[in-house]
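Please keep the sequence and the structure in view while reading.

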Amino acid sequence: MKSKYHFKFEDLMIYNKAIDFGESVNNQISTFPKEEIYGLASQFIRAADSLALNIAEGSASSNAEFNRYLQMAWDNAHECIVCSTKAKIRGFISQEQDEQNREDITELSKMITSLKKYLKSKMDKNR
């Protein structure tokens, strides 16, 4: 059920996919060893959550500012690849989970890139 206090960015498919990915990562890190709570687990969840945070934060700005926030989200996506790879190498997640993470991040990265191109074309038209 939607809240009666609804924000426009909540309608963005890219935002909702980023939210879902953050929740997936949160579930994954719940099985990490306790000694990783301030290490890889913390880094992974912060990078994953930053995807949605940057999309939401930038969405109410100008096209140029939104593009800048989308770049930060894109950078966070790549950080998530490294965290997933490290988690797989260390035996915290399976090969299959790493592959699913990569699929999700690839989709998010493509969506970010497409939205950035769209915003840039709108900016170029307004010049």
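In this predicted model, helix H2 (residues 40-59) and helix H3 (residues 63-89) have axes that come within 8 Å. The two axes cross at roughly 160°, and H2 and H3 are therefore roughly antiparallel to each other. The crossing of H2 with H3 is left-handed. By class, the residues that form this contact are 15 nonpolar, 7 polar and 3 charged.

Two packed helices are described by the angle between their axes and the distance between the axes.

| Helix pair | Axes come within | Crossing angle |
|---|---|---|
| H2 and H3 | 8 Å | roughly 160° |
| H3 and H4 | 9 Å | roughly 165° |
| H1 and H4 | 10 Å | roughly 155° |

**The chain as a whole**

The chain has 127 residues, and 38% of them count as buried. Its secondary structure consists of 4 helices and 0 strands, and along the sequence the pattern reads α-α-α-α. The C-alpha trace spans about 50 × 35 × 25 Å along its principal axes. Among contacts between residues at least 6 apart in sequence, 69% join residues at least 24 apart.

**Helix H3 against helix H4**

Helix H4 covers residues 95-125, and its axis comes within 9 Å of the axis of H3. The crossing angle is roughly 165°, which makes H3 roughly antiparallel to H4. The crossing of this pair is left-handed. The residues of the contact of H3 with H4 comprise 13 nonpolar, 10 polar and 6 charged.

Two residues illustrate this contact, one from each helix. Asn67 lies in helix H3 and is buried, with a relative accessible area of 12%. Leaving out residues up to four places away in sequence, Asn67 touches Lys116, Leu119, Lys120 and Met123. Met123, in turn, lies in helix H4. Which residues does Met123 contact, apart from its neighbours within four places in sequence? They are Asn63, Ala64 and Asn67. Met123 is buried, with a relative accessible area of 18%. The C-alpha atoms of Met123 and Asn16 are separated by 25 Å, and these residues stand 107 places apart along the chain.

**Helix H1 against helix H4**

Helix H1 (residues 13-29) also packs with H4: the two axes come within 10 Å and cross at roughly 155°. This angle makes H1 roughly antiparallel to H4, and the crossing is left-handed. On the side of H1, the contact is made by Met13, Ile14, Lys17, Ala18, Phe21, Ser24 and Gln28. On the side of H4, the residues include Gln97, Asn101, Asp104, Ile105 and Glu107, and also Leu108, Met111, Ile112 and Leu115. By class, the contact of H1 with H4 has 9 nonpolar, 4 polar and 3 charged residues.

Ile105 is found in helix H4 and is one of the residues that contact H1. Is Ile105 buried or exposed? Ile105 is buried, with a relative accessible area of 2%. Not counting residues up to four places away in sequence, Ile105 touches Phe21, Ala77, Cys80 and Ile81.

**The cysteines**

Cys80, which Ile105 touches, is buried, with a relative accessible area of 0%. Cys83 is buried as well, with a relative accessible area of 4%. How many disulfides does the model contain? The count comes to 0 disulfides.

Note on methods. Residues are numbered from 1 along each chain as its sequence is written. This is a predicted model: local features need pLDDT of at least 70, side-chain atom pairs count only at pLDDT 80 or more; totals for chains, interfaces and linings use all residues. Side-chain values use heavy atoms; hydrogens and water are left out. A disulfide is a pair of cysteine sulfur atoms within 2.5 Å. Buried means under 20% relative accessible area, exposed over 50%, partly exposed in between (1.4 Å probe, protein chains only). Axes are lines fitted to C-alpha atoms, for helices over the stretch in contact, and angles run from 0 to 180 degrees between N-to-C directions. Angles under 35 degrees count as roughly parallel, over 145 as roughly antiparallel, 65 to 115 as roughly perpendicular and the rest as oblique. A crossing is left-handed if the near helix is turned anticlockwise from the far one by less than a right angle, and right-handed if clockwise. Ala, Val, Leu, Ile, Met, Phe, Trp, Tyr, Cys and Pro count as nonpolar, Asp, Glu, Lys and Arg as charged, and the others, Gly among them, as polar. Contact means heavy atoms within 4.5 Å.
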